[in-house]
Amino acid sequence: MPPPGAPCRVLLLGGYGFFGKRLAARLALDPLIDLTICGRDLAAAEALSASLNRQSGSARFHAQRIDVLAPGLAGHIGNSGAAVVVHASGPFQGQGYGVARACIEAGAHYIDLSDGRDFVCGITTLDADARAAGVCVISGASSVPALSGAVADLLARDFTQVHAIDIGINPGNRTERGLATVTAILGYTGAAIPHWRDGRWQRAFGWQGLRRYGYPSPVGVRWLAQCDVPDLQLMPARYPGVRTVTFRGGTELHLLHFGAWLMAAMRRAGLVRDWSRYSAQLKAVSDLFIRFGTDAGAMHVEVTGVADGRPLRRCWTLVALDGDGPFVPTLASAALVAKLARGELAFRGATPCVGLLTVHDFLDAAKGLAITMETT
């Protein structure tokens with residue numbers, strides 16, 4: 001890492017993509033960050049870096065063509081002099097750990113925005129190598145499990161027993177959709193999902209198990225359905241004795257939500273093998289409806305259990321307005337990069353992104369956005 005106060009060079013892989021460009025905008029607010037936008041499309045990377053330089057009145061932003069699937073990635077990272085690499089090129093479902101291994105070889109810290117259950121939970125296989133290299137390898141610096149985990153830790157801070165954790169996300173329909181996110185969701189739509197319920201592992205199905213949830217105004221009541229995320233695996237281990245952990249997501253428009261529910265039923269019936277094969281076409285169909293609904297989205301985390309000998313339920317909600325919802329998955333990475341740039345993150349090794357950030361860190365990273373959080 002550079003000495004305190006010196007610029008920290010960061011490589012952002014997939015930096016002009018759906019979440020990458022939003023993370024780049026967040027990192028651009030930090031004067032200690034020297035950012036290189038990377039990807040296979042050099043023209044797109046150059047356009048974004050030039051735009052950020054104009055906005056900031058600086059020359060802190062650069063562009064580089066890097067194909068993460070091409071050989072010699074560790075050499076590219078090492079030659080760049082980057083102290084931190086952020087991997088924002090999803091979907092992560094089905095990806096290997098080639099980028100993380102290249103970072104370890106190059107002696108650079110690694111952060112990704114994955115919310116893929118197997119990918120995030122399996123990152124610990126790199127722990128020994130990361131420790132030996134003196135770097136941190138952090139997976140899941142996204143809405144889940146990073147933000148959801150930080151909120152659960154806050155809500156359960158004085159519980160003597162945690163009984164249940166319930167998490168949900170429902171974006172506004174008029175916010176832009178990323179193809180990688182659509183592909184990831186379609187990959188488990190109708191597929192069997194192991195989840196911890198009533199103190200044992202049971203089987204659920206992606207985008208089934210419908211539920212209505214009431215969010216603060218102007219979001220209101222939204223439909224949710226079961227999703228596959230790292231929290232379903234991580235929370236039972238983090239909170240021994242918890243009886244049930246659930247996660248649901250949804251869409252604002254009933255047509256799209258129940259359309260996905262029907263698609264899940266079709267896969268369960270064996271009529272379709274894997275909806276993610278059609279992600280580009282299905283995203284195009286959903287985009288036809290993007291002018292309907294609102295740009296307001298929400299997220300919640302509820303923890304129930306026992307504190308001071310009595311039953312207690314605590315609920316945290318996030319509301320994002322003005323189409324700022326897609327920034328939420330970038331806040332964890334922005335916070336982690338800021339900590340690394342200032343020498344404030346001592347962890348070395350490989351881990352899912354739980355226990356490394358606080359809700360206050362997310363509030364700092366969200367400054368200037370139409371995002372509010374409250375606890376009841």
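**Reading a predicted fold**

Mentor: Of the 376 residues in this chain, 55% count as buried (under 20% relative accessible area; exposed is over 50%, partly exposed lies in between; 1.4 Å probe, protein chains only). The model is predicted, so local features need pLDDT of at least 70 and side-chain atom pairs count only at pLDDT 80 or more, while totals for chains, interfaces and linings use all residues. Residues are numbered from 1 along each chain as its sequence is written, and side-chain values use heavy atoms, with hydrogens and water left out.

Trainee: How many helices and strands are there in the chain?

Mentor: Helices (H or I, at least four residues) and strands (E, at least two) are DSSP runs, numbered from the N terminus. The chain has 13 helices and 16 strands.

Trainee: What radius of gyration does the chain have, and what would a compact globule have?

Mentor: The radius is taken over C-alpha atoms, and the globule rule is 2.2 Å times the number of residues to the power 0.38. For 376 residues a compact globule would have a radius near 21 Å; the chain has 20 Å, which agrees. Along its principal axes, the C-alpha trace spans about 50 × 50 × 40 Å.

Trainee: Among contacts between residues at least 6 apart in sequence, what percentage join residues at least 24 apart?

Mentor: A contact means heavy atoms within 4.5 Å. In this chain the figure is 76%.

Trainee: Which strands pair with β11?

Mentor: Two strands pair if DSSP finds at least two bridges between them. Strand β10 (residues 211-214) is joined to β11 by four bridges and runs antiparallel to it; here Arg211 stands opposite Leu224 of β11. Strand β12 (residues 244-249) also pairs with β11 in the antiparallel sense, over two bridges, and Gln226 stands opposite Arg248 in β12.

Trainee: What lies between β10 and β11?

Mentor: These two strands form a hairpin with six residues between them, and Gly220 in the turn has a positive phi of about 80 degrees.

Trainee: Why is β11 described as largely enclosed by the rest of the structure?

Mentor: Five of the six residues of β11 (residues 221-226) are buried, so the strand is largely enclosed.

Trainee: Is Asp361 buried or exposed?

Mentor: Asp361 has a relative accessible area of 14% and is therefore buried. This residue is found in helix α13 (residues 359-365). Leaving aside neighbours within four places in sequence, Asp361 is in contact with Ala335 and Lys339.
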